Amino acid sequence: MTAAAEVSIERGYGGASVSQITARAGVAAGAVYFHFRSKEGIAHSLLGLDLLKGLPPHRGPALQEWFDLALLGPPPRCRPKDRAASYLAALADSQGGWTSPWPAWRATAARPLHAAAGEGELQAHVRPDAVTEGCGRKGGNSREGRAAVCGGSG
């Protein structure tokens, strides 16, 4: 999966081929096709990754956890599979039959914001679900989006 992620990041989904992925991974094409029917199957597998798997438990203010999630943390945390999953998720809406992971990712991002609100770390007018609703959408930083987040006129 790491080889598939790296090739997808470097060449883009359309420019990546199964032969390039197998060459990078150092495996025979049959090994890939045993697990995946096509390049699209590999993409679906990357989209289904749990981006939090393998990360240390968070300690500290809940709002800091949200910032860490939103920014995918420092460079060691920006693993190729995470970067490829984010890239492919952005393509999901334009690919017929792909299920977008954004709803699940938004729910994951909302969890520490709700905790931060409960701990008094957020200003009273900030709505956690509205903050994460803009994630993964074009115009998420629009005036309308900011108004929804802050409960005001933007």
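Which residues of α1 meet which residues of α4? Select Ala4, Ala5, Tyr13 and Gly14 in α1, then Lys39, Glu40, Ile42, Ala43 and Leu46 in α4: these are in contact, meaning heavy atoms within 4.5 Å. Before going on, note that this is a predicted model, where local features need pLDDT of at least 70, side-chain atom pairs count only at pLDDT 80 or more, and totals for chains, interfaces and linings use all residues. Residues are numbered from 1 along each chain as its sequence is written, and side-chain values use heavy atoms, with hydrogens and water left out.

Now show helices α1 (residues 2-15) and α4 (residues 39-47) whole; their axes come within 12 Å and cross at roughly 115°. (Helices are DSSP runs of H or I, at least four residues, numbered from the N terminus; axes are lines fitted to C-alpha atoms over the stretch in contact, with angles from 0 to 180 degrees between N-to-C directions.)

Next, pick Ile42, Leu46, Leu88 and Trp98. They have the most contacts inside the largest nonpolar core, which has 21 residues. Such a core is a set of buried Ala, Val, Leu, Ile, Met, Phe, Trp, Tyr and Cys residues joined through side-chain atoms within 4.5 Å, buried being under 20% relative accessible area with a 1.4 Å probe, protein chains only. The largest share of this core, five residues, comes from α6.

Zoom in on Trp98: among the residues it touches are Tyr13, His44 and Leu91.

Last stop: colour α7, residues 102-118. Its buried residues include Trp102, Trp105 and Leu113. Just after α7, Gly120 takes a positive phi of about 75°.

Key: Helices (H or I, at least four residues) and strands (E, at least two) are DSSP runs, numbered from the N terminus. The expected span of a helix is 1.5 Å times one less than its number of residues. Buried means under 20% relative accessible area, exposed over 50%, partly exposed in between (1.4 Å probe, protein chains only). Lists of a residue's contacts leave out its neighbours within four places in sequence.
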